[in-house]
Amino acid sequence: MMTLANGPLKARVLRCQGQRSGQKNHGDNGPCRDQTSLGGCGRLTTRFHNRSGKFNTNVLMLSELVNQSKPLKPDARVLVLGGGYSGGHVARLLRTLGTAVRCSRRSLNVPDADLVFDSTTGQIPMLNDLDGITHVLSTIPPTTEGQDPVLTQLGSQLRGQSLTWIGYLSTTGVYGDRQGRWVSEDDPAHPSQPRSQRRYACEQDWLDSGLPVQILRLPGIYGPGRSVLNSLRAGKARRILKNNQVFCRIHVDDIAGACLHLMHRAADGPGPTIVNVSDNCPAAPQDLIQYGAGLLNCELPDEEPFEQASPSMSAMARSFWSENRRVRNTLLCRQLGYSLLHPDFKAGLQDCFRQETQSPY
Ligand SMILES: NC(=O)c1ccc[n+]([C@@H]2O[C@H](COP(=O)([O-])OP(=O)(O)OC[C@H]3O[C@@H](n4cnc5c(N)ncnc54)[C@H](OP(=O)(O)O)[C@@H]3O)[C@@H](O)[C@H]2O)c1
């Protein structure tokens, strides 16, 4: 038995209860539906070599994601710049589908590292690493000066390639505070936090770059190994209550699925330059804690009113709580036709629980 700071934690093993209904979920942030039935349990285990030749056996890919995905054309060559949490997931999906992928990290001794790119040391990929690439995904955040490391150091090399699509992972933080109102791609950005202002500056640089970029604006990213389940297990979850506060989020599977979907769409010509990639269900943070504790069958942390909790929060955490918005996904899910795998936090946390139970992160 594991223990939480404030009580015993008995991991309750959920049994898979058959396949999801098979209905496609076309998003549009309609009323959040209760997604309590578990999705299909079929898993595809894939093994990947990293540059050191070791297997990364901790890599499991839900067959549901793979099954819903169509491979790119055989001549596609994808470069993922920044194979961290999201970039690594995208690379693994593509590889599983048979696409040639090269993935950069700042060191070779980590999973998914095929080549080194580190803008702080000036280590950049060789020109022949870029040869023949057709698609690029950049997950690399802005520098502290608000410059984009990829554009600054690899922009001219990328311009020399015949690219169909570049995806740039940005943040919905560029919308700033909307006091809980809905916000879509048509609304002008109002970044108020310095980090969101830097991000917005990078978005503008990408849009001005002449490259075929599509900006994907993401809310909080979660998935196996990175969710309230992990903070609950570690005894670090806080049940902070603030009137009307919601946060939006996206499961890492849906980042990978949406990237692939947008790569396919790009084959038919340029699409919208900015796309929100968010699930259907903005939700109060305490609802996730409560649902997560139910999955883990552990005690709920004590309630803390925001005013009481605020002084002991990090500056970064306080800055997140100072903004409140609901991010629309109509463009991605209705107009561009992407079906969310995890339309809300309940479906997504069930998936995290299932994956972590089968393969501890
Ligand atoms: N976390 C969130 O909730 C959230 C929400 C919205 C948007 N975003 C943004 O979405 C993107 C993906 O998020 P994530 O959580 O998947 O990020 P992540 O795991 O931190 O991955 C970021 C990647 O960028 C690489 N990188 C960082 N600085 C670099 C530099 N100076 N030169 C070269 N490479 C560099 C990292 O290299 P290594 O692999 O060597 O570490 C890593 O591969 C990020 O830009 C993030 O800021 C995140």
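Two residues are in contact if their C-beta atoms, placed from the backbone, lie within 7 Å. The views below show a predicted model.

**View 1. Gly-167 and its contacts.** Gly-167 sits in strand β11. Leaving out residues up to four places away in sequence, Gly-167 touches Leu-137, Gln-214, Leu-216, Cys-259 and Leu-262. Gly-167 counts as buried because 27 C-beta neighbours lie inside 10 Å, and the cut-off for buried is 20 or more. Val-213 is 46 residues away in sequence, yet the C-alpha atoms of Gly-167 and Val-213 are 5.8 Å apart.

**View 2. The pairing of β11 with β13.** Strand β13 covers residues 213–218. β11 and β13 pair in the parallel sense, over six bridges. Gln-214 of β13 is the bridge partner of Gly-167. Gln-214 is also among the contacts of Gly-167.

**View 3. The seven-strand open sheet.** The strand order is β9-β8-β7-β10-β11-β13-β17. The pairing is parallel. β9 (115–116) and β17 (274–276) stand at the edges. Each edge strand has a single partner, so one side of each is left without a neighbour in the sheet.

**View 4. The largest nonpolar core.** This core holds 51 residues. Val-80, Val-90, Ile-255 and Cys-259 touch the most other members. Helix α7 (residues 252–266) gives the most to the core, with eight residues. Cys-259 contacts Val-90, Leu-137 and Gly-167, setting aside neighbours within four places in sequence. A second, separate core has 16 residues, including Leu-229, Leu-232, Phe-345 and Phe-353. In soluble globular proteins, nonpolar side chains tend to be buried together.

**View 5. The shell around the ligand.** The shell has 22 residues. Gly-82, Gly-84, Tyr-85, Ser-86 and Arg-106 come nearest to the ligand. By type, the shell divides into eight nonpolar, eleven polar and three charged residues. α2 (85–96), β11 (165–171) and β14 (220–222) each supply at least two residues. The largest share, three residues, comes from α2.

**View 6. Helix α2.** How far apart are the end C-alpha atoms of α2? They are 17 Å apart. At 1.5 Å a residue, the twelve residues should span 16 Å, which agrees. The helix is mostly covered, with nine of its twelve residues buried. The buried residues are Ser-86, Gly-87, Gly-88, His-89, Val-90, Ala-91, Arg-92, Leu-93 and Leu-94. Ser-86 is also one of the residues nearest the ligand, and Val-90 is one of the members of the largest core that touch the most others. Just after α2, Gly-98 takes a positive phi of about 95°.

**View 7. Helix α8.** This helix covers residues 285–296. Pro-285, Leu-288, Ile-289, Tyr-291, Gly-292, Ala-293, Leu-295 and Leu-296 are buried. An α-helix has 3.6 residues a turn, so residues three or four places apart point the same way. Asn-297 follows α8 and has a positive phi, near 55°.

**View 8. The whole protein chain.** The chain has twelve helices and 19 strands. Of its 361 residues, 41% count as buried. Among contacts with a separation of 6 or more, 77% join residues 24 or more positions apart.

Note on methods
Residues are numbered from 1 along each chain as its sequence is written. This is a predicted model: local features need pLDDT of at least 70, side-chain atom pairs count only at pLDDT 80 or more; totals for chains, interfaces and linings use all residues. A nonpolar core is a set of buried Ala, Val, Leu, Ile, Met, Phe, Trp, Tyr and Cys residues joined through C-beta atoms within 7 Å. Helices (H or I, at least four residues) and strands (E, at least two) are DSSP runs, numbered from the N terminus. A residue is near a molecule or strand if its C-beta atom, placed from the backbone, lies within 6 Å of it. Ala, Val, Leu, Ile, Met, Phe, Trp, Tyr, Cys and Pro count as nonpolar, Asp, Glu, Lys and Arg as charged, and the others, Gly among them, as polar. The expected span of a helix is 1.5 Å times one less than its number of residues. Two strands pair if DSSP finds at least two bridges between them.
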